[in-house]
Amino acid sequence: QLQPDKPTISSEYKSAEQMRAELRDMQAHGISNPTVYQYLSHSRTAEALLKEALQLRREVGFTTDTLYFLGMNTGISSTASQRAELAQRVRQLIGLARPFGSKDVYVYGIDEAQGEKLLAQRKAWEAVHEAGAKVYVAGRTGNFEKVGDVLDLLVAAYKPNKDEADKYHKIGHQVFNYANPQVGVENPEAYRRNYGLLLWQSDYDGAMDY
């Protein structure tokens, strides 16, 4: 996230100079559309920082038509008032992203949720759709029958599963891959095979590793 008053040497808070350098480095290594972690609230400062982060991405030359946003979370949003607040924040995000060319805005669900916690998000995800955005989240294969109709993009862990990809594709949704392996293993061939040939063979739509 951009935080110009308190930048750090870490994975978290950055000056504009740091973020620009890291975005250029990611682009040089083949990443086409990294997620955006910039926190969004109703404050003018938060909105201004998000705009600056999106502008930096555009300057570097990343695609801007699809925004994978992690600066907010759908949560469960179990009450009508919570879903109304979620929808308002989604519309705020869309309004901020549209001038930068974002046609499809994805909002993140509850990370790696399973069972009842996964199912409990359905109404929240429907609220996101009604507000004009899409939903993505990391999780396991095998949950299509539970939430596949309201999950626009599953970021599926571990070895790709072509049968699962086929289910999502039949209704116009997508599947990405992560954790096969996570980043950090000093073996380029493993990534070229697992996030290249293997995803192609399994008909996955992309990779979104942590």
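Biologist: Before we look at this one, what counts as a cavity here?
Modeller: On a 1 Å grid over the protein atoms alone, a cavity is a set of points where a 1.4 Å probe fits but cannot get out. The model is a predicted one, and the structure holds two cavities of 30 Å³ or more.

Biologist: How much space lies in the largest cavity, and which residues are closest to its centre?
Modeller: The largest cavity has about 70 Å³ of space, and among the 14 residues that line it, Ala113, Leu118, Val137, Gly139 and Leu154 are the closest to its centre.

Biologist: Which strand gives the largest share of that lining?
Modeller: That is strand S3, residues 134–139, which supplies three residues; by class, the lining of the largest cavity divides into nine nonpolar, three polar and two charged residues.

Biologist: And the second largest cavity, what lines it?
Modeller: The second largest cavity, with about 60 Å³ of space, is lined by Leu54, Arg57, Thr63, Thr64, Thr66, Leu67, Phe100 and Ser102. Helix H2 (44–60) and strand S1 (66–73) are the elements that give two or more residues to this lining, and its classes are three nonpolar, four polar and one charged.

Biologist: Switching to pockets, how much space lies in the largest one?
Modeller: About 1,700 Å³ lies in the largest pocket, which is lined by 44 residues, with Met26, Ile31, Pro34, Thr35 and Asp209 nearest its centre.

Biologist: Which helix gives the most to that lining?
Modeller: Helix H1 does, with five residues, while the elements that each supply at least two also include helix H8 (188–202) and strand S5 (174–178). The lining of the largest pocket has 24 nonpolar, ten polar and ten charged residues.

Definitions and conventions. Residues numbered from 1 in each chain as written. Predicted model: local features only at pLDDT ≥ 70, side-chain atom pairs only at ≥ 80, totals over all residues. Heavy atoms only, no water. 1 Å grid on protein atoms, 1.4 Å probe; cavity = no way out; pocket = protein on both sides within 12 Å on 5 of 7 lines; lining within 4 Å. Points joined across faces, edges and corners; volume = space filled by probe spheres on them. Helix = DSSP H or I, 4+ residues; strand = E, 2+ residues; numbered from the N terminus. Nonpolar A, V, L, I, M, F, W, Y, C, P; charged D, E, K, R; others polar.
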